[in-house]
Amino acid sequence: MNEHALFHRRSRTLVVADLFFSFPQETSGWPRFFIRHVMRLPRLFGISAVFRLLVIRDKEAFARSMRALLALDFERLVVAHWQPIETDAKRTVEQALRDSELLP
């Protein structure tokens, strides 16, 4: 499985498919439990445990890719799974990568 990212420079928007999930803060009950404890997304945003286990085979290569992605000047993030991040997306992505221990 190959993941691709599209960066629209003019709008400072990064578009990804399966790399990140983004759920609303008001998610509650069983869905919130599933997202936080099965998908392992403590902040309701991030890279799912399934993606980390089944897709990331070379952690060093993945880290290089994430550093290249973070070098882009993006403010918004559009994800295939749920809600876009409209502001401060780069900080949100950095935090998710630290939460997942995929970047120091």
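Predicted model: local features only at pLDDT ≥ 70, side-chain atom pairs only at ≥ 80, totals over all residues.

Student: Is D88 buried or partly exposed?
Tutor: D88 is partly exposed, with a relative accessible area of 34%.

Student: And what's going on with phi at W82?
Tutor: W82 isn't a glycine, yet its phi is positive, about 90 degrees. You'll find W82 in strand β6, residues 81–82. W82 is exposed, at 53% relative accessible area.

Student: OK, back to α4. Which of its residues are buried?
Tutor: A89, T92, V93, A96 and L97 are the buried ones in α4.

Student: Where do they sit around the helix axis?
Tutor: They cover an arc of only 135 degrees around the axis, so they end up on the same side of α4. As a general rule, an α-helix has 3.6 residues a turn, so residues three or four places apart point the same way.

Student: What do those buried residues pack against?
Tutor: The buried residues of α4 pack against β4 (45–46), α3 and β5 (76–78).

Student: Let's stay with α3 then. At what angle do α3 and α4 cross?
Tutor: The axes of α3 (residues 59–70) and α4 (residues 89–99) cross at roughly 165 degrees and come within 11 Å. That angle makes α3 roughly antiparallel to α4. The crossing of α3 and α4 is left-handed.

Student: Which residues make that contact?
Tutor: On the α3 side you have F62, M66, L69 and L70, and on the α4 side K90, V93, E94 and L97. The residues of this contact between α3 and α4 divide into six nonpolar, no polar and two charged.

Student: Changing topic: loops. Where is L19?
Tutor: L19 is in the loop between β2 (13–16) and β3 (21–22).

Student: Buried or exposed?
Tutor: L19 is buried, with a relative accessible area of 3%.

Student: What does L19 touch?
Tutor: Leaving out residues up to four places away in sequence, L19 touches E3, G46, I47, F51, F62 and M66. F62 and M66 also came up on the α3 side of the contact with α4.

Student: How far is L19 from R67?
Tutor: Their C-alpha atoms are separated by 14 Å, and L19 and R67 are 48 residues apart along the chain.

Student: One more loop. Where does I56 lie?
Tutor: I56 lies in the loop between α2 (49–54) and α3. I56 is buried, at 9% relative accessible area.

Student: What are its contacts?
Tutor: I56 touches F51, F62 and L102, again not counting residues up to four places away in sequence. F51 and F62 are also among the residues that L19 touches.

Note on methods
Residues numbered from 1 in each chain as written. Heavy atoms only, no water. Axes fitted to C-alpha atoms, helices over the stretch in contact; angles between N-to-C directions. Helix = DSSP H or I, 4+ residues; strand = E, 2+ residues; numbered from the N terminus. Parallel < 35°, antiparallel > 145°, perpendicular 65-115°, else oblique. Left-handed = near helix turned anticlockwise from the far one by under 90°. Contact = heavy atoms within 4.5 Å. Nonpolar A, V, L, I, M, F, W, Y, C, P; charged D, E, K, R; others polar. Buried < 20%, exposed > 50% of the residue type's maximum accessible area, 1.4 Å probe, protein only. Arc of directions from axis to C-beta.
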